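The exercises below are meant to be worked with the sequence and the 3D view side by side. Try each task before reading its solution.

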Amino acid sequence: MGSVLVYHINICSPLDNKISIKNFANNFNLLDVSLPKTLTTIADAAFLNAQNLTTIVIPENVDSIADMVFWNCPNLTTIYVNNSTPVNFYYTTFYTYSATLYVPNGTKDAYEASGWGLFENIVETDYTGIKELEMDAAADVFYDLNGRVVEKPAKGVYIRNGKKFVY
């Protein structure tokens, strides 16, 4: 039996500050995803059927998460939301509400009083150790998925410092 390659991905700034369905739907290789600070919207079904996805880090600038974004992601067990105000989302955004939801210190009551209160376990955290990926294209060496050095990365999946990410 062959092995399955799974990805730990730090997504760099999308051009329109929006993750959309064309990005990650039906991607069975995602394991954990950290979204960029500049992201404001996660569109319908963006991670639909990402069945191996276990962890998602949602940055503080996200103000809306659309319908069915994490639908049929049965292994999603850890969600970090780094917004002090509960983000708007649909009841059908998530496949299950059994994941542990981490929210900023002092915001648990607000999250419990909102739709996020559907989650069985909400934990306040100071986000120590969770860092956003900062890009410095001039200083970093980028590789394509075939291991070749890429001089000027364009939109796509690359390897940097031994980790795969989307640019």
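**Exercise 1. The chain as a whole**

What does the accessible surface of the protein chain come to, and what percentage of it belongs to carbon and sulfur atoms?

Solution. The accessible surface comes to about 9000 Å², and 48% of it belongs to carbon and sulfur atoms; such areas are computed by the Shrake-Rupley method with a 1.4 Å probe, and for residues only the protein chains shown count as cover. Before going further, note that this is a predicted model, in which local features need pLDDT of at least 70 and side-chain atom pairs count only at pLDDT 80 or more, while totals for chains, interfaces and linings use all residues. Residues are numbered from 1 along each chain as its sequence is written, and side-chain values use heavy atoms, with hydrogens and water left out.

Next, take the secondary structure, which comes to 2 helices and 14 strands; these are DSSP runs numbered from the N terminus, helices being H or I with at least four residues and strands being E with at least two. Of the 167 residues, 41% count as buried, where buried means under 20% relative accessible area, exposed means over 50%, and partly exposed lies in between (1.4 Å probe, protein chains only). Finally, among contacts with a separation of 6 or more, 35% are made by residues 24 or more positions apart, a contact being heavy atoms within 4.5 Å.

**Exercise 2. A cavity and leucine 76**

Find how many cavities of 30 Å³ or more the whole structure holds, and describe the lining of the largest cavity.

Solution. On a 1 Å grid over the protein atoms alone, a cavity is a set of points where a 1.4 Å probe fits but cannot get out, and lining residues have an atom within 4 Å of a point. Grid points are joined across faces, edges and corners, and the volume is the space filled by probe spheres set on the points. The search finds 1 cavity of 30 Å³ or more, and the largest cavity has a volume of about 40 Å³. Its lining consists of Phe70, Cys73, Leu76, Ile79, Phe94, Tyr95, Thr96 and Ala99, which divide into 7 nonpolar, 1 polar and no charged. Here Ala, Val, Leu, Ile, Met, Phe, Trp, Tyr, Cys and Pro count as nonpolar, Asp, Glu, Lys and Arg as charged, and the others, Gly among them, as polar.

Leucine 76, one of the lining residues, sits in the loop between S6 and S7 and is buried because its relative accessible area is 5%. Although leucine 76 and leucine 53 are 23 residues apart in sequence, their C-alpha atoms are 5.5 Å apart in space.

**Exercise 3. Tyrosine 111**

Why does tyrosine 111 count as buried?

Solution. Tyrosine 111 belongs to helix H2, and tyrosine 111 counts as buried because its relative accessibility is 0%. Not counting residues up to four places away in sequence, the residues it touches include Val81, Pro86, Leu101, Trp116 and Ile122. The C-alpha atoms of tyrosine 111 and isoleucine 122, 11 residues apart along the chain, are separated by 8.1 Å.

How values were computed:
On a 1 Å grid over the protein atoms alone, a cavity is a set of points where a 1.4 Å probe fits but cannot get out, and a pocket is an open set with protein on both sides within 12 Å along at least five of seven lines; lining residues have an atom within 4 Å of a point.
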